[in-house]
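Subject: Structure handover and notes

Dear colleague,

I am passing on the structure we spoke about, together with some notes on what was found in it. Please look through the model first, and then read the notes beside it.

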Amino acid sequence: MTTQAAKIIYDEEPGSPPSKISGAQAVMEALVREKAEIIFGYPGGAIMPVYDALYSYQDRITHVMTRHEQGAVHAAQGFARATGAVGVCIATSGPGATNLITGLADAYMDSTPLVCITGQVASPLLGTDAFQETDIIGISLPVTKWNYQVRCADEIPHILSKAFYIARSGRPGPVLVDIAKDAQFAATAPIDKSVAFIRSYQPKPDVNYDLLKEAAALINRSERPFILFGQGVILGKAETEFRRFVEKSGIPAAWTLLGASALDSDHPLNVGMLGMHGNYAPNLLTNACDLLIALGMRFDDRVTGDVKRYAQKAAVIHIDIDASELNKVVTADVPIHGDLKQALPELTHWVEEGTHTEWVNRFAGLYQEERVSVIDPELFPSKPGLTMGEVVRRISERTNGDAIVVTDVGQHQMVAGRYFRFKESKNLITSGGLGTMGFGLPAGIGAKLGRPEKTVITIIGDGGFQMTLQELGTILQTGVALKIVILNNNFLGMVRQWQELFFEGRYSSTEMVNPDFVTIATGYHIKAEKVTRRSQLDRAIDNLLEHDGPCLLEAVVEKEDNVFPMVPAGASVSEVRLT
């Protein structure tokens, strides 16, 4: 075999359309057909024919070479979350493929639509422990919505179209297609046809209208109803339908971390964030409501706390597009398998106009307690050192909430979720279910490339930044104008907080001896600045936002600040702590 075998094979006269193309070119044609205009990847031996074909498609497909395959898959996630389109990444076999696994697991838990294409050793070598051979199908099976190994070039067009359809439809998720090297070289017929139906796969279920009427009846007679909404509202493109339901019913609504931005942060019925570090009122009043209405969320343990003591006084309505989530953690009185964009208008039609003034005021009263004890000291501190909250607040104010915020994982993640005032859907991109440190920087790159017209700010801790800081090289090569804010407390902050509260202050392997982040960024020709005092902060944020290009701001914050409120692990949500 030679690389020439990967080129177009003509059977007709020169100038006529080709009757045969290589498998590698069929991959490119599939990407063009699926409108995958930006892809992320890292070349290697087993995927080299695909990269050779890519050379002739540079006018239709922009390839972003990251500095690590994990960076490629996280960038594809950021692109998908920011745009709502399918993210695409490419890697070679063996270590290239295995380096995608963390991102695949992250995307699987957070329902992010991805198509990951990996090269594989030639078919005759499968199972022989050939150089860089790894059973990526077996390894990725638990963390993909679907995966498939291609050994014949003729399968490529259909399988890749099927991969995109599965990734984006129903509850979205990651798909992996592994392509043997000989299939990339072999000839196949070009096909211009997309998959729009798979037998036995029903991504959009038929809604049971009788159950919706039953749910409406529960809502109409409820005195203390409470809406919990998750990312399903965003993934289902049902933000408008959801807002209409909230406003007609008059029911207070709280969001999971991934549901943030589905409803304007300043909406009068938005009562804050649920979960371990969520707001005081929605946690405490979960056990006081008489009806929980769960929309596009999965009752994660960080939301429920001790599930045996969760919402014991409440009837439960649960609407989700994934039937496996219904009655999995919390038993629903009315479980509804359905698409929110279809179900919510019907539910809204049958729900009576409501106000629930006294009930909403209870949330407002508890918010004032949290404001005095936690929020004001964090956002308007009297202590000399900077706090994470005041940095986030000032960024939010200077962007008027009109920015895409991408976070890494840790204390800064919770602070960003709590204190940035979101105005538009899909404006918080973060690693929820898997909690992947190192996510923030590459995901920010993908988000900015997907939405170049938006200000995209990655807020990241000093620990997470150092897990994928090599992606500064991707910023250098692409010039992508990402804004990076490092909240540096010289600790693995969230782990340190647990050690302080639950391990008698034994700070085991959590204090960080950090490098000079400004010097590192400057080495990549990225403008950078460090602030240590409050008086420097506003000017530095203005410099960050006004700079025409990528820019990094390191804000040195208090070393041992904690994030409150907090529901201790295994506790009831009623045991939420303000201090």
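This is a predicted model: local features need pLDDT of at least 70, side-chain atom pairs count only at pLDDT 80 or more; totals for chains, interfaces and linings use all residues.

Residues are numbered from 1 along each chain as its sequence is written, and side-chain values use heavy atoms, with hydrogens and water left out.

The second largest pocket holds about 590 Å³ of space. Of the 30 residues that line this pocket, Ser265, Asp266, Asn270, Tyr367 and Arg421 are the closest to its centre. Two or more lining residues come from each of β11 (270–273), α15 (357–379), α16 (388–399) and α17 (411–419), and α15 gives the most, with eight residues. By residue type the lining divides into 13 nonpolar, nine polar and eight charged, and at least three of its residues are drawn from each of domain 2 (209–363) and domain 3 (383–556).

As to the terms, a pocket is an open set of points on a 1 Å grid over the protein atoms alone, where a 1.4 Å probe fits and protein lies on both sides within 12 Å along at least five of seven lines; lining residues have an atom within 4 Å of a point. Grid points are joined across faces, edges and corners, and the volume is the space filled by probe spheres set on them. Ala, Val, Leu, Ile, Met, Phe, Trp, Tyr, Cys and Pro count as nonpolar, Asp, Glu, Lys and Arg as charged, and the others, Gly among them, as polar. Domain bounds come from an automatic or database domain assignment, and helices (H or I, at least four residues) and strands (E, at least two) are DSSP runs numbered from the N terminus.

Helix α18 (residues 440–450) is mostly covered, with nine of its 11 residues buried, where buried means under 20% relative accessible area, exposed over 50% and partly exposed in between (1.4 Å probe, protein chains only). Among the buried residues are Leu441, Pro442, Ile445 and Lys448.

There are 11 aromatic pairs, counted where ring centres of Phe, Tyr or Trp (its six-membered ring) lie within 6.5 Å, with planes under 30 degrees apart called stacked, over 60 edge-to-face and the rest tilted. Tyr165 and Tyr201 are edge-to-face, because their centres are 6.0 Å apart and their planes stand at 85 degrees. Tyr165 lies in helix α7 (residues 156–168) and Tyr201 in the loop between β8 (187–188) and α9 (209–221), so the pair ties together parts 36 residues apart in sequence. Tyr165 is buried at 14%, whereas Tyr201 is partly exposed at 23%.

Trp359 and Phe363 also form an edge-to-face pair, at 5.0 Å centre to centre and 80 degrees between the planes. Both lie in helix α15, four residues apart, about one turn of the helix, and together with Phe226 they form one aromatic cluster.

The count of disulfides is zero, a disulfide being a pair of cysteine sulfur atoms within 2.5 Å. The sulfur of Cys89 is 3.1 Å from the closest cysteine sulfur, in Cys116, and therefore too far for a bond.

Finally, Gly127, in the loop between β5 (114–120) and α6 (136–140), is exposed at 65% relative accessibility.

With best wishes
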